[in-house]
Amino acid sequence: MKYIRLSKEQLDEMHQEFINFLAAQSITADEWDDIKKNKPEVAEQELDVFSDLVWEGVLGKVEYLEHFSQQHMFLFKVGDLKISMISIEVENKSIDITTPQGYKWLQENFMKDEVNLYSSSKLLSDDRNNDIFVLIRQGANITQGDLYRWFEKFVEVD
């Protein structure tokens with residue numbers, strides 16, 4: 001398995017897609033029930049293959065990611081060849097930008113000396129989707145990129 005298996009909730013949400021996946025392999029509902037009952041290891045393999053297919057589809061469309069911690073915000077823009085990052089660091093340890101009050105403080109004070117803005121970029125590896133997946137496993141969330149586009153006006157991004 002390349003990524004991680006989808007959760008039960010995610011699999012429930014994708015019930016119809018999973019049925020289509022099984023049908024593409026000529027596995028009927030009765031056959032699937034039999035596989036689950038008599039060959040659980042095969043059922044597990046099918047769930048893993050389906051999960052990887054879903055992840056590949058999702059990761060292939062990712063353009064922006066965000067990761068927040070109490071004093072840091074990491075904003076990523078994923079291109080075809082490189083990933084660019086804007087990092088916002090709040091030096092004041094009493095400010096927690098993961099809270100509504102802390103986030104409001106950042107909005108009002110991002111140009112002050114106690115807020116540092118950085119940017120960098122790096123080339124993606126030959127496995128772009130895995131590079132993105134690693135960031136997600138570290139806590140990043142897929143976004144539409146509004147924050148990245150807003151902050152890129154204030155930092156030089158290559």
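Guide: Gladly! Keep in mind that this is a predicted model. Let's begin with Lys39, which sits in the loop between H3 and H4.

Visitor: Is Lys39 buried, partly exposed or exposed, and why?

Guide: The call rests on relative accessible area: under 20% is buried, over 50% is exposed, and partly exposed lies in between. Lys39 has 45% relative accessibility, so it counts as partly exposed.

Visitor: How far apart are Lys39 and Ile4 in sequence and in space?

Guide: They are separated by 35 residues in sequence, and their C-alpha atoms lie 21 Å apart.

Visitor: Now helices. Which residues of H2 are buried?

Guide: Here is the general idea first: an α-helix has 3.6 residues a turn, so residues three or four places apart point the same way. In H2, the buried residues are Phe18, Phe21 and Leu22. Looking down the axis of H2, you find its buried residues within an arc of 95 degrees, so they line one face of the helix.

Visitor: What covers the buried residues of H2?

Guide: The cover includes H3 and helix H4, residues 40–59.

Visitor: And what is there to see just after H2?

Guide: Look at the backbone of Ser26, where phi is positive, at about 60 degrees. Ser26 is a residue other than glycine with such a positive value. Ser26 belongs to the loop between helix H2 (15–24) and helix H3 (29–38). With a relative accessible area of 58%, Ser26 is exposed, because the cut-off for that is over 50%.

Visitor: How many bridges join E3 and E4?

Guide: Strand E3, residues 82–90, pairs with E4 in the antiparallel sense over nine bridges. Within this pairing, Ile83 stands opposite Lys122 in E4.

Visitor: Which side chain of opposite charge is nearest to Glu66?

Guide: That is Arg149, 8.6 Å away. A salt bridge needs a charged pair within 4 Å, and Glu66 has none, although it is buried. You will find Glu66 in strand E1, residues 64–68. Leaving aside residues up to four places away in sequence, Glu66 touches several residues, among them Phe74, Leu75, Asn141 and Leu147.

Note on methods. Residues are numbered from 1 along each chain as its sequence is written. This is a predicted model: local features need pLDDT of at least 70, side-chain atom pairs count only at pLDDT 80 or more; totals for chains, interfaces and linings use all residues. Side-chain values use heavy atoms; hydrogens and water are left out. Helices (H or I, at least four residues) and strands (E, at least two) are DSSP runs, numbered from the N terminus. Buried means under 20% relative accessible area, exposed over 50%, partly exposed in between (1.4 Å probe, protein chains only). Lys and Arg count as positive and Asp and Glu as negative; His and the chain ends are not counted. Contact means heavy atoms within 4.5 Å. Two strands pair if DSSP finds at least two bridges between them. The arc is that of the directions from the helix axis to the C-beta atoms.
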